[in-house]
Amino acid sequence: MSASAIDLQQRAPNFWQSTNGKKIVMAVTGFILFLFLIGHLLGNLLVYAGPERFNSYAEFLHFDGTLLWIARSILIIAVVLHIIATVQLAVRNKKARPVGYSRKKAINSSYASRTMYWSGPIVLAFVIFHLLEFTAGTIHPGTVFIPGDVYHNVVTGFQVWWVSAWYIIALILLGFHLRHGLWSMFQSFGVPHSLPRERANKRWALVVAVILIAGYISIPISVLTGLLK
Ligand code: HEM
């Protein structure tokens, strides 16, 4: 084995064990998921172009099974690593201050950062429900799931008020999660650190999260208001 291969073998576990290594894994996997969210939103907005356009877009996504599964595998690995790194960092943080705060006053931590640990599991529950509803079709309240007729599945799915309500709530939580995640990412990779830069990072994270989530939420709202039928 070459010296550089041995070097890499020794460094990889050290990287994963270190707190900074885990933070980098969280940031990189979070970024991959963020890119997916942008692409998925752009695709979903085609729903406004009508059933034919939306269905042929969905058909296009499925045209090559191998490519589809490569993309799905990347997403699954990103989600799993994101969760493992988060849980391990949370455990590490807890161990670092075992006594706990006498008063849970948030110092330098925003509402979004405090909601990270519970918004994450809710978003995960949302994704599982979402896959069962629109990809597998095993849960499709209100009407039948028609494989290949994605427009029908989305519109009839959101005509059930509680499905739309659940989506809107989960998407708002995703927005909080995203806002804090993006801000942390900007902080980790942005140089140099300064108060104005930190404020700008916060502002940008908020703007990006609001645009993305508003785009997603517009779909159930358009169905509920009869704009999409
Ligand atoms: C209003 C919001 C959304 C709508 C209308 C929507 C619509 C859809 C539809 C129709 C599919 C099935 C595509 C097909 O099989 O042809 C799908 C798949 C999927 N969606 Fe969404 N989606 C929304 C939000 C989200 C969000 C916020 C996430 C992530 C947090 C997400 C993650 C996924 C994933 C992972 C898949 C499976 C992709 C695959 O491997 O086939 N979706 N979505």
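The model is predicted. Histidine 40 belongs to helix H2 (residues 19-44), and histidine 130 belongs to helix H5 (residues 111-136), so the pair ties together parts that are 90 residues apart in sequence.

Histidine 40 is partly exposed, at a relative accessible area of 25%. Histidine 130 has a relative accessible area of 18%. That value is under 20%, so histidine 130 counts as buried.

The ligand has 20 residues around it. His40, Asn44, His62, Arg72 and His130 come nearest. In asparagine 44, a side-chain N or O atom is 3.3 Å from a nitrogen atom of the ligand. Histidine 62 places a polar side-chain atom 3.1 Å from a ligand oxygen atom. For histidine 130, a polar side-chain atom lies 2.7 Å from a nitrogen atom of the ligand. The elements giving two or more residues to the shell are H2, H5, helix H6 (150-158), helix H7 (161-189) and helix H8 (195-224). H5 gives the most, with 6 residues.

By residue class, the shell around the ligand comprises 14 nonpolar, 5 polar and 1 charged.

How values were computed:
Residues numbered from 1 in each chain as written. Predicted model: local features only at pLDDT ≥ 70, side-chain atom pairs only at ≥ 80, totals over all residues. Heavy atoms only, no water. Helix = DSSP H or I, 4+ residues; strand = E, 2+ residues; numbered from the N terminus. Buried < 20%, exposed > 50% of the residue type's maximum accessible area, 1.4 Å probe, protein only. Near = heavy atom within 4 Å. Polar contact = N/O pair within 3.5 Å; in protein donor to acceptor, adjacent residues only side chain to side chain. Nonpolar A, V, L, I, M, F, W, Y, C, P; charged D, E, K, R; others polar.
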